[in-house]
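Take a moment with the sequence and the fold before reading on. The text below works through a few local features.

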Amino acid sequence: SSACRKVFADRLYFMGRFELDPGHAEHRSPTSVVLRATDWFPDRQTPPSLNSLVVLKFMKDRVQFDREIEQRVNFKLEPEFVIPVVGSSRDFEQAEWTANLQEKLPDFTD
């Protein structure tokens, strides 16, 4: 059932959607890390997609995050050259996001 699937997804995946690749980070800096993942619910992306292979970028500094999102929107960067943003932490409840980070990605929390 869909309720059962949601219980398993919430327990297994980051934010109930993203199965993180157990390999190394694609990029790491003092303020961010980029990880490969599978989005088990790509229909929730903006816009909805059939592509389940994604990368997740975690940023420590909220100002830098806001600036990056703003620049991607304002400059309409071409998806052939820059990976498009199909969702962000803004799409989730902040308390749930923080709890998921602490539980599933404790190395990326302060």
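What follows is a short walk through selected sites in this predicted model.

Start with helix H1, which covers residues 2-12. Between H1 and strand S1 (18-20) runs a loop, and Met15 sits in it. The backbone of Met15 has a phi near 55 degrees, a positive value in a residue other than glycine. Is Met15 buried or exposed? Met15 has a relative accessible area of 5%. The cut-off for burial is under 20%, so Met15 counts as buried.

Move on to strand S3, residues 32-39. Asp39 belongs to this strand. Its relative accessible area is 1%, so Asp39 is buried. Leaving aside residues up to four places away in sequence, Asp39 touches Arg17, Phe18, Gln45, Ser52 and Val54.

Next comes the loop between S3 and strand S4 (53-59), where Pro47 lies. The peptide bond joining Thr46 and Pro47 is cis. Its omega is about 0 degrees.

Now turn to helix H2, residues 62-74. Asp61 caps its N-terminal end. A side-chain oxygen of Asp61 lies 2.8 Å from the backbone nitrogen of Val63. Does the length of H2 agree or disagree with its residue count? At 1.5 Å a residue, its 13 residues should span 18 Å. The end C-alpha atoms of H2 are 18 Å apart, so the two agree.

Which residues of H2 are buried? They are Phe65, Glu68 and Ile69. Seen down the helix axis, the buried residues of H2 fall within an arc of 95 degrees, so they line one face. In H2, the buried residues pack against S4.

Finish just after H2, at Lys76. Lys76 is in the loop between H2 and helix H3 (94-104). Its phi is positive, about 45 degrees, although Lys76 is not a glycine. Is Lys76 buried or exposed? Its relative accessibility is 64%. The cut-off for exposure is over 50%, so Lys76 counts as exposed. Met15 also has a positive phi, but Met15 is buried.

Definitions and conventions: Residues numbered from 1 in each chain as written. Predicted model: local features only at pLDDT ≥ 70, side-chain atom pairs only at ≥ 80, totals over all residues. Heavy atoms only, no water. Helix = DSSP H or I, 4+ residues; strand = E, 2+ residues; numbered from the N terminus. Buried < 20%, exposed > 50% of the residue type's maximum accessible area, 1.4 Å probe, protein only. Contact = heavy atoms within 4.5 Å. Expected span 1.5 Å × (residues − 1). Arc of directions from axis to C-beta. Polar contact = N/O pair within 3.5 Å; in protein donor to acceptor, adjacent residues only side chain to side chain.
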